[in-house]
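Please examine the sequence and the structure shown below before reading on.

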Amino acid sequence: MQGVLETARLLEQGDASSEELTLDCLRRARSHGRRLNCYISLAEEEAVLEQARASDQRRARGAGTPLTGVPLAHKDIFCTRDLPTSCASRMLEGYRSPIEATVVRRLREAGMICVGKTNMDEFAMGSSNENSYFGPVANPWDPERVPGGSSGGSAAAVAARLVPAATGTDTGGSIRQPAALCGVTGLKPTYGRVSRHGIVAFASSLDQAGPLGRSAEDAALLLHAMAGPDPLDSTTDPRPVQDYPAALAAGKERLQGLRIGLPRQFLDERLDARVGELIQESARLLEQQGAVLREVELTHQDLAVAAYCVIAAAECSSNLARFDGVRYGYRCEEPRDLSELYLRSRTEGFGAEVKRRVITGTHVLSAGYQEAYYLQALKVRRLIRDEFLQTLEETDLLLGPTSPTAAFRRGEKIADPVNMYLSDVYTVGCNLAGLPAVSVPAGFTGGLPVGMQLIGPPFSEGLLLQVAHRYQELSDWHLQHPPEPPPGEPGQAGGTPP
Amino acid sequence: MTWEIVIGLEIHVQLATRSKLFSGAAVGAGAEPNSQACPVDLGLPGVLPVLNLEAVRMAVMLGLAVGGRIAHRSIFARKNYFYPDLPKGYQISQYEQPIIQGGSLEFELPEGGTQRLRLLRIHMEEDAGKSVHEGLGDCSGVDLNRAGTPLLEVVSQPELRSPAAAAAFLQKLHTLVRGLGISHASMEQGGFRCDANLSVRRRGDEHLGVRSETKNLNSFRFVERALEYEAMRHIEALEAGGRLQQETRLYDSARHETRPMRGKEEAEDYRYFPDPDLPPLEISPEFIEKVRRTLPELPEAHAARLEQQYQLDAASAAALIRKQGAADYFEETVQAAGGHARQCLYWMRGELYAALKRGRLDLQSSPVSPAHLGGLVRRIADQSISGKLAKEIFSKMWESREDPDKIIQGRSLERLSDPGKLREIIAEVLRENPRQLKQYQDGKSKLLTWFTGRVLAKTKGRADPNLAGKLLQQALRAQDGNAEP
């Protein structure tokens, strides 16, 4: 399966039909996708092929747009009408939403065909996709390793060439970290750039939706369709959306004299040495193209994970209160009274990590503790944001690693939550500051992909994509793909290899 | 009496917006359970609140009316607790930065004089749904039609000193919000709800005593009675050497007593924090000015103007303001009558109110319009009809909804004031009653009234009594002359 741009070209030139490609996606999902456990639910074949045929006809009439008929997958956190929305939780197993997320609606209206809902960490809480009620997702580069999280199913599906592109959400790194660990391109937009309407909320002041694709070009195409103000989300920003795909070509010129900051705290001894080398090499590549590198300080960076843990947990404890077993979702058997209905429905319906964060969040908001934790974390958040914005006035963007290591082994960190939270050490700062950031493949270590993160000032998605695209014109890391599964395996129904 | 009662009120005023505070679902009572609840009100996964600006406008109106400070920036906060009628597990309210701070409202004390009660704050919040326990067997139900309905919570300073004063203040606020048109304020339907905090202390003591909060007060009378009960309970307990505990109690109007609320073993920790789904509410000075220009005349100013413009006594003016629509009805009636304000008021409060009461109608649905009542008063004032006849015409107006002039002409009820005609009738009366005429002529001058009555009877009340009397005297004098040539 090709990426978005190539798929669109095939459709445009009549070399493939959306019907064929959609069917191919479903077949791959049922075979290789099942082994990786990428999907929680798949589109009903006849219904989705009907949509595909309709888009083929639209293209034949000349009424298509670049994305018409291109298949994609949505993270199972986006409310969809056709497919259940489980958030990878027993709490919402089989839940059918009467509303459609704005992101889903916009991509559908742009002509894309949703083939399935991808696996994730339960309620987007996790960095390894081991916290799913529907089981862990395997990294396509090494099935013993995690794909990252929480958008692990989306990243793995794109990396394994199961689907041209997928959506994700990023609260503390949940798009960028799995993108890095799976070797795909993932972008977290500025807070307020993409509507959160119809996205099951984890931490409302941090959550943002964004694309995961094979390249900056693909990410630009998707983001362009996803972004923009939405009357249903009061936190969206009113400014118009830039034409990201059209802006990409200017990347080469933009690099001339572009000031790129390398945060010292992102590149110190805590970073895996090989990952550090790859990031330095990538920076030098951009320098050779005219960029000006300089080391910068992010002195409050060390506080980011702690502040994030407190704020995200606080908001999640309130956001997840609605899952009470009263109106929808999981309800325990035969509760004796109201209190037991709440207690057991939530105890049985939520997984361990969700409960850990709900309890943490309830604690940090409680009388007597709120000042020491929640209010303190808000102050730290302000410091971090101010420092980022200050640094981004002296530079045009920041460059560093997305994650301290390449993909780790399944089970390696799951028993050690604090160590797990540190996987997000380079990503959470952007969420706290509301900044856009993109992760692009920047090399390999031990056969596993490594991601480079570019961070820009608010609403600089266009610039980030330009630089990422230019980097991808100069490198081929993003073109590498994991080994294909051995041919002739059951369910592998002769799809066209990439 | 060595005890001083200290009362503070928290009043929830339901706003008369068409849709809910954070969703597009319709507001209104009486619909099928859960038929006026959209995904936002149901707290489904993925939904987000969007603020209803109409509710903001109404909050600003009340803020201006009580002279409060309108916050240029206020914050919506989540009040977290679990209850089946609270779909999201939190209520969106305002906590640290409410939309209105301060302000005050002057009202008349029952014992005479006035008090200006200071307000602490007014904040916006959404209402919860309702739990339903009747008619579902051993199950309980949840009706979320009310969930998300916009409320203003008005919090007073604890400066009321008697249950009667508390009720009088509530009346005043009730009149105000209805006059502003921001609430129907129906107490029976929960559109105007009051929680009352009460404590007692020895007179002269500076520290407040332990307070109790009483809920479920859905009429002015219940507020007063519940607070009387609470005051007695507090005083008796303290005089018996007991101690009070801070608690929330429910008023039972059937038994006229308050009881501790069940299941309230410990103080709730609501874990308030700013709602990240809603940006701070920013209100520009221009917006406030725009609202100020649309502000209707405020009740106090309105009453003062009525008093002055129509030369009414203060009590009458206040009564007109208190009764919904009465001031407007009155002013329109006076305009139609071309003045005669006191006559207008007399007819409104007499015939009209009695008829409305008999028909169980309110002023808005009165079959007699202000224009018609004014027309009637105009005819009385220019002496076209007598007061007695006017009552008859009023009944016809009530039944037929017709213009009084049309009724008067149609039934030739117009006052007989043609001297020629009257003289003929007088002559007739004198001819028919020779005995009485003789007695009059013999000095029984009281009979003049009796003759006048006969004239009026003969004209079925249409004769102008003054003119008739004058002409009758003339005629009697002339008869005298005839008798003694």
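## The contact between the chains

Chain A contributes 34 residues to the contact and chain B contributes 26 residues; two residues are in contact if their C-beta atoms, placed from the backbone, lie within 7 Å. On the side of chain A that touches chain B, α12, α13 (338-349) and α14 (352-365) each supply at least two residues. The most, three residues, come from α12(A). Helices are DSSP runs (H or I, at least four residues), numbered from the N terminus.

That side of chain A consists of 17 nonpolar, eleven polar and six charged residues. Here Ala, Val, Leu, Ile, Met, Phe, Trp, Tyr, Cys and Pro count as nonpolar, Asp, Glu, Lys and Arg as charged, and the others, Gly among them, as polar.

## Model and confidence

This is a predicted model, in which local features need pLDDT of at least 70 and side-chain atom pairs count only at pLDDT 80 or more, while totals for chains, interfaces and linings use all residues. Residues are numbered from 1 along each chain as its sequence is written, and chains are lettered from A and ligands numbered from 1 in the order in which they are written.

The pLDDT, the predictor's confidence in each residue from 0 to 100, averages 90 in chain B, where 96% of the residues score at least 70. For the complex, the predictor gives an ipTM of 0.95 and a pTM of 0.83.

## Around V163(A)

Beyond its neighbours within four places in sequence, V163(A) is in contact with M1(A), C25(A), P71(A), L72(A), A73(A), V115(A), A157(A) and V158(A).
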